[in-house]
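Please read it with the structure open.

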Amino acid sequence: QVQFVESGGGSVQPGGSLTLSCVVSGSTFSINNWGWYRQAPGKQRDLVATALGGRRTSYADSVKGRFTISRDNAKNTVHLEMNSLKPEDTGVYFCNYATYPTDWGNGAQVTVSS
C-alpha cells in the first residue's frame, strides 16, 4: 500500500519561499510520475506540478515560473520549491501519483499572508 508523508509547510509573507518534501513508500518510485496537488480553502484539489520520467516537468499556469518540482529516485522523495508566493497559493499541499491519485497523505499546510 502506497503511503505519502508531506513536510515543509508553514506561514510566510507574500513574496516569500517554502520548499515542500514528500517521502513515498510502498511504490516503485522511479517508474512513476509524481504530482503535487493543492487544495485551497473551500475549493477542489488541483494538480499544480508534475515530475515525469527523467527530468521532465509540467506546471499549472498559476504557478509556472514560480514553483519547481524535482524528484530524488534514490530517496523516494519529491520536492516542491515555491518562490514568490502569493496569498492565492494558500492551501493544503499533497503529493500523489500524477495520473491516477490514490490514498492521500495528511498534506502540508501553506499559508501566505501579510
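This is a predicted model: local features need pLDDT of at least 70, side-chain atom pairs count only at pLDDT 80 or more; totals for chains, interfaces and linings use all residues.

1. The open sheet. Six strands make up an open sheet, and their order is E2-E10-E9-E4-E5-E6. The pairing in this sheet is mixed. From one strand to the next, the twist averages 25°.

2. Edges of the sheet. Which strands stand at the edges? They are strand E2 (10–12) and strand E6 (57–59). Each has a single partner strand, so one side of each is left without a neighbour in the sheet. For E2, the strands E2 and E10 run parallel and are joined by three bridges. Ser11 has Thr111 in E10 as its bridge partner. As background, strands of a sheet pair through backbone hydrogen bonds, in either a parallel or an antiparallel arrangement.

3. The nonpolar core. The largest nonpolar core has 26 residues, and the members that touch the most others are Phe4, Leu20, Trp36, Leu80, Met82 and Tyr93. Two or more residues each come from strand E3 (18–25), E4, strand E5 (45–51), strand E7 (67–72), strand E8 (77–82), E9 and E10. E3 gives the largest share of this core, four residues.

4. Phe4. Leaving aside residues up to four places away in sequence, Phe4 touches Cys22, Val23, Val24, Trp34, Cys95, Asn96, Tyr97, Thr102, Asp103 and Gly105. Phe4 also belongs to a cluster linked by ring pairs, together with Phe29, Trp34 and Tyr97.

5. Stacked rings. There are six aromatic pairs in the structure. Why does the pair of Phe29 and Trp34 count as stacked? Their ring centres are 5.2 Å apart and their planes are at 15°, so the pair falls in the stacked class, for which the planes must be under 30 degrees apart. Phe29 is buried, with a relative accessible area of 2%. Trp34 is buried as well, at 1% relative accessibility.

6. An edge-to-face pair. Tyr37 and Trp104 form an aromatic pair with 5.1 Å from centre to centre and 90° between the planes, which is edge-to-face. The two residues are 67 residues apart, and their pair links distant parts of the chain. Tyr37 lies in strand E4 (residues 34–39), whereas Trp104 lies in the loop between strand E9 (91–97) and strand E10 (108–112). Tyr37 counts as buried at 6% relative accessibility, while Trp104 is partly exposed, with a relative accessible area of 35%.

7. Arg45 and two rings. Which rings have Arg45 over their face? One is that of Phe94, where Arg45 is at 3.9 Å from the ring centre. Another is that of Trp104, where the corresponding value is 4.2 Å.

8. Val23. This residue lies in strand E3. Is Val23 buried or partly exposed? Its relative accessibility is 42%, so Val23 counts as partly exposed, the buried class being under 20%. Val23 and Asn76 are 53 residues apart along the chain, yet their C-alpha atoms are separated by 5.9 Å. Not counting residues up to four places away in sequence, Val23 touches Gln3, Phe4, Val5, Asn76 and Thr77.

Methods
Residues are numbered from 1 along each chain as its sequence is written. Side-chain values use heavy atoms; hydrogens and water are left out. Rings of Phe, Tyr and Trp (its six-membered ring) pair if their centres lie within 6.5 Å; planes under 30 degrees apart count as stacked, over 60 as edge-to-face and the rest as tilted. Buried means under 20% relative accessible area, exposed over 50%, partly exposed in between (1.4 Å probe, protein chains only). A charge sits over a ring if NZ of Lys or CZ of Arg is within 6 Å of the ring centre and within 35 degrees of the ring normal. A nonpolar core is a set of buried Ala, Val, Leu, Ile, Met, Phe, Trp, Tyr and Cys residues joined through side-chain atoms within 4.5 Å. Contact means heavy atoms within 4.5 Å. Two strands pair if DSSP finds at least two bridges between them. Axes are lines fitted to C-alpha atoms, for helices over the stretch in contact, and angles run from 0 to 180 degrees between N-to-C directions.
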